[in-house]
Amino acid sequence: MSADPHYTLYHPRWYRRRVSVWWWLQNRSYTRFVLRELTSVFVAFFAVVYLWQLRALTQGPEAYGQFLARLKAPLFEGVHAVAFVFVLFHAITWFNLTPKAMVVRMRGKRVPDWAIVGSNYAAWLLVSGAVAFILLRG
Amino acid sequence: MPSTVALTVTRYRPEMEAEPTWETYEIPFRKDWVVLDALNHVKDNVDGTLSYRWSCRMGVCGSCGMKVNGTPKLTCATFLSDYLPGPIRVEPLDYFPVVRDLVVDITDFVRKLKQVKPWIIRTEEKPLGEGEYLQTPDQLDAYKQFSMCINCMLCYSACPIYGLEPGFIGPAAIALAQRYNMDSRDQGAAERLNILSEHDGIWQCTFVGECTKVCPKHVDPAGAIQQYKLSGATHWVKSLLLPWGTR
């Protein structure tokens, strides 16, 4: 016998299946998961454009005008449309997942999932409404 | 109603073949039969060499987990009638090494389960004379869901992360760690945090959510992991802002 404690005589010949590179196409929820993960790229894209906008804003009205003109290019409009769909998907899927992470108890009972999701959507609408009000007021 | 249904089963006989193959059995269809009944019929009447695990036949022991038509299922609770007209495909659980036919080696899971210390840890035991540790129904309710886990490992088979990152502690073990963390009698949360907050712990989980979908006991391991992430992150922020407060 070998001195190596990990060595087993007549070790069974296990079969190990390798995970396919295309595992995420095997069922619809895996695909939806990978799409949800991909949305982060578009969220990052949006953040970069936003930073770029702030930079243009600090450089005066002329630079800002140039920035706006650039945004109107068909390529940018197209990318923005795609990014919008993905960011929306990002927001909705994450809002729907919040009750999994947040267990809120009131009067000894667990608050139902729909109430947690609902309050998230309500807060989203409220904040969006407030931002829209501030921006569109003038 | 058909009188028979085709059952296509994975065969792997390491002494005969290097890779698994398929074998199809035409078995009598009965409305009250589950997939496990069909396998038992094959074993008793058609081919005695077929190997698979089972024990209780009533969704308690967690031994008969297999993939039925691609989805991890307890075969004792999966009716043939839901898969008509067939064929019904039965495979071993994914991501575990296959020992023979439908039998997988579960050593990895058992080792990980032990790592998270799934038992009540007390820093100090109170003397026997003081009686048992009492618990209110609300305190029981806080962890009861996670205590329903029967270690069937369907959640591991459903988790692509476990397939891609074999070091990942995995859904059931984390849910069971959370079962003890949430128990008012337990004081071992800090000990478990060391294991669960490591690279192969909760942060490997990217929330695919399939573990919760396949769980036959509605344990919701995905929920347990996300809740643990939230409390882990809160603990970390607190220790950053109030280094003296968390000690």
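Begin by selecting the open sheet of chain B, whose five strands stand in the order 2-1-5-3-4 with mixed pairing; strands here are DSSP runs of E with at least two residues, helices are runs of H or I with at least four residues, both numbered from the N terminus, and two strands pair if DSSP finds at least two bridges between them. At the edges of the sheet are strand 2 (21–28) and strand 4 of chain B, each with a single partner strand, so one side of each has no neighbour in the sheet. On average, neighbouring strands of this sheet are turned by 35 degrees against each other, direction ignored, where axes are lines fitted to C-alpha atoms, for helices over the stretch in contact, and angles run from 0 to 180 degrees between N-to-C directions.

Before going further, note that this is a predicted model, in which local features need pLDDT of at least 70 and side-chain atom pairs count only at pLDDT 80 or more, whereas totals for chains, interfaces and linings use all residues. Residues are numbered from 1 along each chain as its sequence is written, while chains are lettered from A and ligands numbered from 1 in the order in which they are written.

Next, select strand 1 (residues 4–11) and strand 5 of chain B, which run parallel and are joined by three bridges. B:Thr8 has B:Arg89, in strand 5 of chain B, as its bridge partner.

Colour chain B by domain: domain 1 covers 4–104 and domain 2 covers 107–241, with bounds that come from an automatic or database domain assignment. Their C-alpha centres lie 30 Å apart, and 14 residues of domain 1 of chain B are in contact with twelve residues of domain 2 of chain B. On the domain 1 side, strand 3 and strand 4 of chain B each supply at least two of the touching residues, and strand 4 gives the most, with four residues.

Which residues have the most contacts inside the largest nonpolar core? They are B:Leu7, B:Val35, B:Cys155 and B:Ile174, in a core of 61 residues, a nonpolar core being a set of buried Ala, Val, Leu, Ile, Met, Phe, Trp, Tyr and Cys residues joined through C-beta atoms within 7 Å. A residue is buried if 20 or more other C-beta atoms lie within 10 Å of its own, exposed if 12 or fewer, and partly exposed in between, with C-beta atoms placed from the backbone. Helix 6 (residues 171–181) of chain B gives the most to this core, with seven residues. Both domains of chain B give residues to this core, so the core lies between them. Centre the view on B:Val35, which, leaving aside residues up to four places away in sequence, touches B:Val68, B:Thr75, B:Thr78, B:Leu80, B:Ile88 and B:Val90.

**Backbone features in the loops**

Most residues other than glycine have a negative phi, and most peptide bonds are trans. In the loop between strand 4 (71–74) and strand 5 (88–91) of chain B, select B:Pro85, where the peptide bond from B:Leu84 is cis, with omega near 0 degrees. B:Pro87 is found in the loop between strand 4 and strand 5 of chain B, and a cis peptide bond with omega about -5 degrees joins B:Gly86 to B:Pro87.

Move to the loop between helix 1 (35–46) and strand 3 (65–68) of chain B, the place of B:Arg57, which has a positive phi of about 65 degrees although it is not a glycine. B:Arg57 is partly exposed, with 17 other C-beta atoms within 10 Å. B:Asn151 has a positive phi near 55 degrees and lies in the loop between helix 3 (137–147) and helix 4 (154–158) of chain B.

**Where chain B touches chain A**

Finally, show both chains: 22 residues of chain B are in contact with 16 residues of chain A. Strand 6 (98–100), helix 5 (160–164) and helix 9 (221–241) of chain B each supply at least two residues of this side of chain B, and the largest share, six residues, comes from helix 9.

Definitions and conventions. Two residues are in contact if their C-beta atoms, placed from the backbone, lie within 7 Å.
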